[in-house]
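Hello,

Here is the structure I said I would pass on. My notes follow below it.

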Amino acid sequence: MADTIKGSEAMIFALLSEGVDTIFGYPGGQVIPLYDSLYDYGKDIRHILVRHEQGATHAAQGYARVSGKVGVALVTSGPGATNTITGIADAMMDSTPIVVISGQVPSLLLGTDAFQEIDVIGITQPITKWAYQIRRPEDIAWAVSRAFYIASTGRPGPVVLDFTKDAQVGSVNYKYSKVTHIRSYQPAPEPEPASISAAADIINSAMRPFALIGQGVILGGAERELQAFLEKADIPAASTMLGLSAMPTGYRLNKGMLGMHGNVGPNRKTNECDVLIAIGMRFDDRVTGNPEFYARQAKIIHFDIDLSEIGKNIAVDIAVPGDVKETLPKVTSLLKPAVHTEWISKFEPDEQEEYSKVIAPMLNPPADAPLNMGEVVHHVAQAAGKDAALVTDVGQNQMMGVRYFRYDCTRSVVTSGGLGTMGFGLPAAIGAKFGAPERTVCLFVGDGGLQMTLQELGTIMQEKIDVKIILLNNRFLGMVRQWQELFFNKRYSATTMLNPNFTAIAEAYNIKSRNASTRAELDEAIAEMFALNEAFLLAVDVATNSMVYPMVPAGAAITNIIMGDNNNE
């Protein structure tokens, strides 16, 4: 390496020092110098040309979520940068580690309303862990190292680096030093022995303990620690949507999903347990329902790495701050082996009721009934294999996807939770396949969400990547239609979709595809899809009036469950 190099090349070296092997991006005027340097390092860093900058951020998210590494997006200034805002906000809400690098006009033009100048730092500061503008080549190595450290440690999240053009073309004596500590930044609070002891005492005295598992367990790599904790104290558990694959679907203590469209047993038992143990979750409103009626009978213990989440939405009796990979074993070591057979058996009537009222009609419909989303997901999951990763868009396809897919290994759910971003699914699936190329990636998407980022089929075509796209086409904005049916007197305002020929569009992108509208066609199409080691679009016509049940209405108690046919419990 020469003693003096361009800032753009210094950026490449810094990214390589952080182990970056894949970048999702879209070039433009103010970032051309960086792309020019990237040209010489194509064997070391693979650049994936997306078709829209929003797609770059969602792809970086998908990559990060399945790989556990930091995802990277590279865009130009002005609209290139502003097009990333939705993905950055999504990453912030879902604690996804990404670094977004945006080109910027030369420093001398800052504040002059130059062509494609925008205040990237001002826009992104509220939706990032850190946003920094690199104006000097001397600051590149420092900024990149700091960015990756902040993005990946503690509660992960997005970081933005705004890279001025003069910093890209200027010269620097490059030297990289990896950041391992920032004085003003504490990634994880130190465990508190008193809290750990108090939590163990409460759990040891519990007769009806219940654990709520969030994505924090996955982000902390604490899946084994969680299972050891649950096994020793014989505690049934359920997951938030983002925490689903922390436990295998068939694990004996796994009682399903929490929340608005979660399983009946976990929601009811939240208000029947005597000790509620939240682990790496934030008591989102979609999980708690009306907080005034949430677990009022229980002592609540909250494990979390983010102190700001403890007590924010639900008052707790014991806070256990720290990294769950460290705090869970400390509590487990103080637990007495327990058996809660009678308590765990009380989930069975709820499971049987949900199966008979919701699941069985979904998976075993009359032969002449239209296909429904749940059975499509179930059939795909059966054929996908144990290593499959689920990616969804947002809406009914999302809820049916997470409910009826199976999880046999961790990091198997990629979906937009906190922000609920339609259009997330297709680019996120692309990123997921690059993050875990050995795994089968199944994307479930609705006709509305697919058309928001449909252009990313071009990325699949160019990169020739094997993503299985299952389009659940009900010709409606399904989730909004569901709310209109249940709560707005069936006034279907602006939710009917007149759709294009999706298989013809796939053909235009050289992606194999097939329509299915009957059960025989579905099984044949699924077999064809998985027999091919290439991308496939399976467009399934499903019932236009599909409903996702169970459902807890917004603002209702978590036990106020609609099972179907408008029956409130």
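Helix 1 passes helix 7 in a right-handed crossing (a crossing is right-handed if the near helix is turned clockwise from the far one by less than a right angle, and left-handed if anticlockwise). Helices here are DSSP runs of H or I with at least four residues, strands are runs of E with at least two, and both are numbered from the N terminus. This is a predicted model, in which local features need pLDDT of at least 70, side-chain atom pairs count only at pLDDT 80 or more, and totals for chains, interfaces and linings use all residues. Residues are numbered from 1 along each chain as its sequence is written, and side-chain values use heavy atoms, with hydrogens and water left out.

On the helix 1 side, the contact (heavy atoms within 4.5 Å) is made by Gly7, Ala10, Met11, Ala14 and Leu15. Ile140, Val144 and Phe148 make it on the helix 7 side. By class, that gives seven nonpolar residues, one polar and no charged (Ala, Val, Leu, Ile, Met, Phe, Trp, Tyr, Cys and Pro count as nonpolar, Asp, Glu, Lys and Arg as charged, and the others, Gly among them, as polar).

Helix 17 also passes helix 24 in a right-handed crossing. Here the contact has seven nonpolar, one polar and three charged residues.

As for the whole chain, it has 24 helices and 20 strands. Its C-alpha atoms fill a box of roughly 70 × 60 × 40 Å along the principal axes. Of the 569 residues, 60% count as buried, meaning under 20% relative accessible area, with over 50% exposed and partly exposed in between (1.4 Å probe, protein chains only).

Regards
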